[in-house]
Amino acid sequence: MGKREAFDRILASLHEAARDPALWLPASALIDEALGTHGSTLVCGDGQSQEDLRIYFAWTCLRGERHPELERLYFETYYPLDERIPRLLRYPFNRLFHVTDLYTEDELKTSEAYNALRTHAHAGNALEVRLHWPNGSRILWQVDDPVDGDGWSSGQVDTIRRLLPHIRQTVRVQQALAGASALGASLAQLLDATGLGIVQLDGCGRIVAANDRARDLLRAGDGLFDEGGYLYARTRQDNAELQGLLTRAQRALGVEGAGGSTMVRRAPDLPPLLLHVNPVGRQETAWWVSPVAVLVLVVDPASQPRIDPAVTAAALGLTEMESRVAVLLAQGMSVRQIAAATGRKESTIRSHVKHAFAKHGLSRQAELVRLVLSLAGAPESRR
């Protein structure tokens with residue numbers, strides 16, 4: 001099997017795992033086989049330190065088999081002792097690090113956590129990377145030692161770097177589906193989902209089906225619309241990004257498509273729509289049905305419980321702009337997305353967030369979001 005074919009098989013497996021986490025096991029096995037490594041660990045969570053860590057999931061897989069006993073052993077016993085974690089949390093996103101670079105020379109000899117990685121998980125010479133995720137969440141991917149014990153080749157490292165955006169997209173789609181209680185659903189079952197919009201496209205980009213939430217959004221035409229059976233974004237810039245994503249997601253000449261995400265702007269008083277594009281395998285549809293080739297998930301932050309910025313400002317003692325930023329954070333937008341939606345610089349948005357932090361003794365966006373969400377049931381102000 002050639003390298004291109006092997007990589008495409010991995011991508012196809014990741015696309016399936018994005019919709020059903022149980023399929024992460026065969027995907028990780030293909031990655032192990034292609035890289036010639038013992039296994040890997042994928043972790044998604046949030047927190048800025050070891051003390052406030054919250055794990056959404058942690059999967060340690062060795063050659064296609066998950067090892068929950070290793071997950072428990074590490075987080076219950078060694079995680080509080082692991083000297084590398086504070087350093088890893090300060091390192092740049094999307095950059096590969098050797099696990100040995102996260103310990104001092106003395107710690108490589110004395111650290112209980114490093115010794116556990118080396119002896120239990122075959123990860124004494126692992127590569128690690130933090131992948132950026134909105135709203136304070138983090139993805140950590142650890143690729144365990146090469147089986148041959150000869151160290152990392154340039155080819156192995158290059159393949160890992162090529163996989164990083166696809167690993168991140170897999171988790172991104174999983175989390176969107178998890179928020180709608182639709183993980184593991186079939187294509188037909190997804191059309192019954194109520195927590196997000198679902199649009200299914202064929203291999204030519206035509207709309208095959210859409211659920212009620214998506215049809216309402218398309219009918220309103222604010223941000224997204226259907227013209228002639230095809231999906232479009234309202235602004236030229238957003239539409240160029242969307243069409244590029246849809247084109248890359250379609251399988252062509254035997255080459256596997258690639259997923260991606262984008263933001264679609266709407267009216268100034270509404271947060272942008274978040275779109276996740278995921279290719280779909282061909283084996284799921286019958287021959288007499290127009291096959292679904294691309295799945296588009298549409299997340300509408302405005303569909304969440306209404307939080308009045310004026311009430312938030314009055315209750316929390318925030319300025320009008322500080323309150324607006326805090327509410328948009330609570331609706332799921334990132335600092336970058338808020339900056340784009342409000343026409344301000346990211347540094348300006350961060351400054352408003354810091355001012356809100358200072359007024360309430362907070363240090364994390366998640367704490368501010370929880371504070372704002374506690375006001376979700378408060379009555380709207382009369383203007």
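**Exercise 1.** Which residue in β13 does Asn278 stand opposite?

*Solution.* The model is predicted, with local features needing pLDDT of at least 70 and side-chain atom pairs pLDDT 80 or more, while totals for chains, interfaces and linings use all residues. Residues are numbered from 1 along each chain as its sequence is written, and side-chain values use heavy atoms, without hydrogens and water. Begin with the strands: β12 covers residues 273–279 and β13 covers residues 294–299. They pair in the antiparallel sense over six bridges; strands pair if DSSP finds at least two bridges between them. Strands (E, at least two residues) and helices (H or I, at least four) are DSSP runs, numbered from the N terminus. The residue opposite Asn278 is Leu295 in β13.

**Exercise 2.** Determine the strand order of the sheet and find its edges.

*Solution.* The sheet is open and has five strands, in the order β8-β7-β13-β12-β11, with antiparallel pairing. β8 (207–210) and β11 (260–264) each have a single partner strand, so they stand at the edges, and one side of each lacks a neighbour in the sheet. On average, neighbouring strands are turned by 20° against each other, direction ignored. Helix α7 (residues 154–179) lies across β11, β12 and β13 and runs at about 120° to β12.

**Exercise 3.** Describe how α1 packs against α7.

*Solution.* Two packed helices are described by the angle between their axes and the distance between the axes. Axes are lines fitted to C-alpha atoms, for helices over the stretch in contact, and angles run from 0 to 180 degrees between N-to-C directions. The axes of α1 (residues 3–19) and α7 come within 8 Å and cross at roughly 15°. That makes the two helices roughly parallel, a term for angles under 35 degrees. Next, list residues in contact (heavy atoms within 4.5 Å): among them are Phe7, Leu11 and Leu14 in α1, and Leu163, Ile167 and Val173 in α7.

**Exercise 4.** Is Thr37 buried or exposed?

*Solution.* Thr37 is located in the loop between α2 (24–35) and β1 (39–46). Its relative accessibility is 0%, so Thr37 counts as buried; buried means under 20% relative accessible area, exposed over 50%, and partly exposed in between, with a 1.4 Å probe and protein chains only. Leaving aside residues up to four places away in sequence, Thr37 touches several residues, including Ile31, Arg63 and Trp152. For contrast, take Thr110 in helix α5 (residues 105–110): Thr110 counts as exposed, at 61% relative accessibility.

How values were computed:
Angles under 35 degrees count as roughly parallel, over 145 as roughly antiparallel, 65 to 115 as roughly perpendicular and the rest as oblique.
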